[in-house]
Amino acid sequence: MCAVLGRPVDHSRSPELHQAGYRALGLVDATYERVEAGEAQEIRRLLTDAPASVRGFSVTMPGKAAAHDLADEITDRAALIGSANALVPLDGPDGRRWLADNTDVDGLVACLDHVAPGEALRGRTAVIVGNGGTARPAVAAVAAAGARAVTVAARSERALNLQTLVESYGMDFDWVRLDDPAVDAHCAGAAVVVSTVPEAGAAPHADAFVRAGAVVDVIYDPYPTTLQATALRRGVPVADGLRMLAGQAEEQFRLFTGHRAPEGEMLRAVLAGR
């Protein structure tokens, strides 16, 4: 048994993704549920009381920071990012322990592979729009793709919250206000723009963002977003939040079950239900 934890959680599409993987592999005894749990004390109780049949928890907002803090072990990338979206049980001599990981990185890597395959980002600059929770795994993803530098486009100096993380990956850091006309030039010189902000924040700047070589927009509601539609209209390679959702679920599925989901199965499932 596995479950996604969050509040609210009834909108989560994780069950349909994981269940598609179960069906494809014939895992007839596997189940995946939604559980309303967003506070640290709720997540702690679930970790403490989980029976041996529980093989993993996906974690959505607002519990990602708590998942990171409550785990017994943390992957290097989750530790750098400071949050986790997957909790995996580890059986040890002293009882059950939990590993925290952040598979949002895998989801974003899948998006980058789609719009900028191979070495397209190596030695180049990426623009990351926003400085919230998804911006941090976006930094890890562009670093994995070989980016040399990151420019954070945000509404305020809170963009500087990402400087230490960017530089910890050996990349150069810069930032620009979203309302600064220089955003256009930054995007035009970038291999990719990764937008992590809601539709209302990205839509007014869509024309600037699509000046980059490629676009990743992590939002999937509404679908398509103004940014996605603008990129398609201009012929700019674009990956959306559904591709990210499928990519992060694929890695969670492997962590929870020990099996790889058939390639493309989760993406097909999420696209079918859009």
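Predicted model: local features only at pLDDT ≥ 70, side-chain atom pairs only at ≥ 80, totals over all residues.
The feature "domain: Shikimate dehydrogenase substrate binding N-terminal" is placed by UniProt at residues 4-86. The feature "domain: SDH C-terminal" is listed by UniProt at residues 241-271.

Helix α13 spans residues 265-272, and its residues Met266, Leu267, Ala269 and Val270 are buried. Viewed down the axis of α13, these buried residues fall within an arc of 160 degrees, and they therefore line one face of the helix. The elements against which the buried residues of α13 pack are α1 (14-25) and α12 (241-257).

The largest nonpolar core comprises 33 residues, among which Val142, Val192, Val194 and Val216 touch the most other members. At least two residues of this core are supplied by each of α5 (104-115), β7 (125-129), α6 (135-144), β8 (149-154), α7 (163-168) and β10 (192-195). Helix α6 provides the largest share, with 6 residues. When residues up to four places away in sequence are not counted, valine 194 touches Leu108, Leu112, Val127, Ile128, Val129, Ala138, Val142 and Val216. A second, separate core contains 21 residues, including Val127, Cys187, Leu227 and Ala231. In soluble globular proteins, nonpolar side chains tend to be buried together.

The largest pocket holds about 1200 Å³ of space. Its lining consists of 47 residues, and those nearest the centre of the pocket are Met61, Lys64, Thr134, Val218 and Ile219. Elements that each supply at least two residues of this lining are β3 (56-59), α3 (64-70), α6, β8 and α12. The largest share, 5 residues, comes from α12.

Lysine 64, one of the residues nearest the centre of the largest pocket, is located in helix α3. With a relative accessible area of 16%, lysine 64 is buried, because the cut-off for burial is under 20%. Apart from neighbours within four places in sequence, lysine 64 is in contact with Val59, Ser83, Ala84, Asn85 and Asp104.

One joins methionine 61 to proline 62, with omega near 10 degrees; proline 62 is situated in the loop between β3 and α3. Methionine 61 is itself among the residues nearest the centre of the largest pocket. The other cis bond joins arginine 7 and proline 8, with omega about -5 degrees. Proline 8 belongs to the loop between β1 (2-6) and α1.

Tyrosine 223 is positioned in the loop between β11 (215-217) and α11 (226-234). Its relative accessibility of 32% classes tyrosine 223 as partly exposed. Setting aside neighbours within four places in sequence, tyrosine 223 is in contact with Gln228, Asp240, Leu242, Leu271 and Arg274. Tyrosine 223 and alanine 191 are separated by 32 residues in sequence and by 24 Å in space, C-alpha to C-alpha.

Methods. Residues numbered from 1 in each chain as written. Heavy atoms only, no water. UniProt positions renumbered as here; feature names shortened; annotations may be inferred. Buried < 20%, exposed > 50% of the residue type's maximum accessible area, 1.4 Å probe, protein only. Helix = DSSP H or I, 4+ residues; strand = E, 2+ residues; numbered from the N terminus. Arc of directions from axis to C-beta. Contact = heavy atoms within 4.5 Å. Core = buried A, V, L, I, M, F, W, Y, C linked by side-chain atoms within 4.5 Å. 1 Å grid on protein atoms, 1.4 Å probe; cavity = no way out; pocket = protein on both sides within 12 Å on 5 of 7 lines; lining within 4 Å. Points joined across faces, edges and corners; volume = space filled by probe spheres on them.
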